[in-house]
Amino acid sequence: MHHLRNTFRIEKFRGHQEDIINATLSGQDAFVIMRTGGGKSLTYQLPAVIESESNQCKVTVVISPLISLIRDQEDQMNQFRAGSALSFYSNMVGGTTEQARRWGLVRDANAGVGLIFVTPEKVTKSGRFKSEMEKLNNQGRLGRFVVDECHCACQW
């Protein structure tokens with residue numbers, strides 16, 4: 001409730017948000033279908049904020065096929081909590097140098113990064129992505145994987 005009100009500036013949960021959040025925070029898998037504007041994003045953003053502040057500094061990986069949505073969500077999260085979100089996709093401004101800087105922040109458990117937004121292509125084609133996920137997993141820092149807007153992806 002603290003982060004709901006103070007980080008996200010929301011007074012109460014909608015629909016099944018609280019149940020979904022509690023389920024994922026307790027380590028359960030969740031398959032969530034909600035209407036557009038129903039509050040799906042909060043169901044992974046709030047746990048990501050909570051877990052990024054835990055002793056393990058866990059990271060939530062959000063896979064989305066829409067670069068514009070990735071950029072919007074990264075910007076929104078960083079407005080709520082500066083430095084909490086980063087994205088990785090093809091043709092990023094700054095190229096490999098910027099991506100290396102960002103991976104350095106992800107690896108730094110004290111940097112406060114709780115959300116990583118990536119495209120499906122980055123997940124399937126990037127050896128660097130796979131290597132970084134292995135490192136986070138070995139450190140016990142992977143919080144969850146989220147597939148967002150899966151209806152937009154025709155092949156995984």
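**Salt bridges and nonpolar cores in the predicted model**

Arg81 is buried, at 19% relative accessibility (buried means under 20% relative accessible area, exposed over 50%, partly exposed in between; 1.4 Å probe, protein chains only). The structure is a predicted model, in which local features need pLDDT of at least 70 and side-chain atom pairs count only at pLDDT 80 or more, while totals for chains, interfaces and linings use all residues. Residues are numbered from 1 along each chain as its sequence is written, and side-chain values use heavy atoms, with hydrogens and water left out.

Arg81 forms a salt bridge with Glu53, with the closest N and O atoms 3.5 Å apart (a salt bridge is a side-chain nitrogen of Lys or Arg within 4 Å of a carboxyl oxygen of Asp or Glu). This pair links distant parts of the chain, 28 residues apart: Glu53 lies in the loop between α3 and β1 (59-63), and Arg81 in the loop between α4 and β2 (85-88). Helices (H or I, at least four residues) and strands (E, at least two) are DSSP runs, numbered from the N terminus. Glu53 is partly exposed, with a relative accessible area of 45%.

Nine salt bridges are found in the whole structure. One of them joins the side chains of Glu132 and Arg128 at 3.0 Å, N to O. Glu132 is buried at 2% relative accessibility, whereas Arg128 is partly exposed at 37%.

The largest nonpolar core has 18 residues, of which Leu42, Leu115 and Phe117 touch the most other members (a nonpolar core is a set of buried Ala, Val, Leu, Ile, Met, Phe, Trp, Tyr and Cys residues joined through side-chain atoms within 4.5 Å). Its largest share, five residues, comes from α3.
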